Amino acid sequence: MSTPLRESALPLTLWRRGKVREVYEVDDARLLMVASDRVSAFDVVMAEAVPDKGRVLTQLSAFWFQRLGHMMRSHFLTASTDAIIAEIPALAPHRAQIAGRAMLVRRTAPVAFECVVRGYLSGSAWQEYRRAGTLAGERLSEGLVESARIEPPIFSPATKAESGHDENVPFGRMREALGPDLADGLRDLSLAIYAAGRHTAAERGLIIADTKFEFGLDLSGHPMLIDEVLTPDSSRFWEAAKWAPGSTPPSFDKQPLRDWLAVEREAGRWNGEAPPPSLPADVIAATTSRYREAYRRLTGHELPEDA
């Protein structure tokens, strides 16, 4: 287990800081993304970091970028620490901050929608369906239960949110904003990537209940897959053997942390706002274990200590 990194500080110009990542400018054509071990739940960032979380997000994304590279163009260049330092020698003294958690990528113009694919009815989709029988305002079949398989999978875009929850929106809204050609292309590409990822996960005994992709446009306006791909932060992974319609199986992500915080809220020890309560060591360890297990199950390898 690596020393947790809450925030990186590198000798590059900071381009943006997100919920999990710092993104640095390398030159006019490239950026460096560094995934920290920050973790949030119920829209609140925890004071403690979760060891190895950032390395799992980076190395698992690299696995998928390379495995699915024949299907689409992406911004991925390398997640090899040695290769990154060879390209940016100034980072050599800062290897401990970037080892396994940094990714060198091409610059793009991000598309302002999350491209969400849902193969099972869970999370916010289940909440809306239970309330109104719809998803993003569009009617679904009657009689569905929680965690029911949706066939064919549904493309359900969402607006991006820097804080708080993304908002599910009808596909028509995305088409109006982006134009039908680009919107239809991103929908079709998202469904194809999800299908390929679902097939790989099924071979490992896992279900990808839903996932979200992000895309950017290159200088010619062509879409490229960006950010992270099929990770525990962007996807809902379930153990296939434990799935049954009408219930929610445990997920390979920060579920131990969410479960513990939910108990704290129900007991009146936390009001759901910042500052959050301090996380017990066993909850942090259990969360790290879930992330590492997701990496191991999907890739067939243990998480490398210094990729």
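Helix axes are lines fitted to C-alpha atoms over the stretch in contact, and angles run from 0 to 180 degrees between N-to-C directions. Helices (H or I, at least four residues) and strands (E, at least two) are DSSP runs, numbered from the N terminus. The structure is a predicted model, in which local features need pLDDT of at least 70, side-chain atom pairs count only at pLDDT 80 or more, and totals for chains, interfaces and linings use all residues. Residues are numbered from 1 along each chain as its sequence is written, and side-chain values use heavy atoms, with hydrogens and water left out.

Two packed helices are described by the angle between their axes and the distance between the axes. The axes of helix 7 (residues 255-266) and helix 8 (residues 281-299) cross at roughly 145° and come within 7 Å. Contact here means heavy atoms within 4.5 Å. Helix 7 contributes Gln255, Pro256, Leu257 and Trp260, which meet Val283, Ala286, Thr287 and Arg290 of helix 8. By class, this contact has 5 nonpolar, 2 polar and 1 charged residues. In this classification, Ala, Val, Leu, Ile, Met, Phe, Trp, Tyr, Cys and Pro count as nonpolar, Asp, Glu, Lys and Arg as charged, and the others, Gly among them, as polar. The loop between helix 7 and helix 8 holds Pro275. A cis peptide bond joins Ala274 to Pro275, with omega about 0°.

Strand 7 (residues 102-106) was examined next. Strands pair if DSSP finds at least two bridges between them. Strand 3 (residues 30-35) pairs with strand 7 in the antiparallel sense, over 5 bridges. Within this pairing, Val34 has Ala102 of strand 7 as its bridge partner. Burial was assigned by relative accessible area: buried is under 20%, exposed is over 50%, and partly exposed is in between (1.4 Å probe, protein chains only).

A nonpolar core is a set of buried Ala, Val, Leu, Ile, Met, Phe, Trp, Tyr and Cys residues joined through side-chain atoms within 4.5 Å. In soluble globular proteins, nonpolar side chains tend to be buried together. The largest core has 50 residues, and those with the most contacts inside it are Trp64, Met174, Ile193, Phe213, Phe215 and Leu225. Apart from it lies another core, of 12 residues, which includes Val34, Ile84, Ile88 and Ile98. Beyond its neighbours within four places in sequence, Met174 touches Phe113, Cys115, Phe155, Pro157, Gly179, Ala183 and Leu186.

The structure holds 29 salt bridges, each a side-chain nitrogen of Lys or Arg within 4 Å of a carboxyl oxygen of Asp or Glu. One of them joins Glu114 and Lys212, whose closest N and O atoms are 3.8 Å apart. Glu114 lies in strand 9 (residues 113-120) and Lys212 in strand 15 (residues 206-217), so the pair ties together parts that are 98 residues apart in sequence. Glu114 is buried, at 5% relative accessible area. Lys212 is partly exposed, at 27%. A second bridge links Asp184 and Arg175 (2.8 Å, N to O). Asp184 is buried at 18%, whereas Arg175 is partly exposed at 32%. In another, the closest N and O atoms of Glu264 and Arg269 are 2.9 Å apart. Glu264 is buried, with a relative accessible area of 10%. Arg269 counts as exposed, at 52%. Salt bridges also link Glu7, Arg17, Glu22 and Arg38 in a network.

Backbone geometry was examined last. Most residues other than glycine have a negative phi, and most peptide bonds are trans. The peptide bond from Glu151 to Pro152 is cis, with omega near 0°. Pro152 belongs to strand 12 (residues 149-155). Ser147, not a glycine, has a positive phi of about 70°. Ser147 sits in the loop between strand 11 (138-139) and strand 12. Ser147 is buried, with a relative accessible area of 0%. Asp227 is likewise not a glycine and has a positive phi of about 70°. The loop between strand 16 (223-226) and strand 17 (235-239) contains Asp227.
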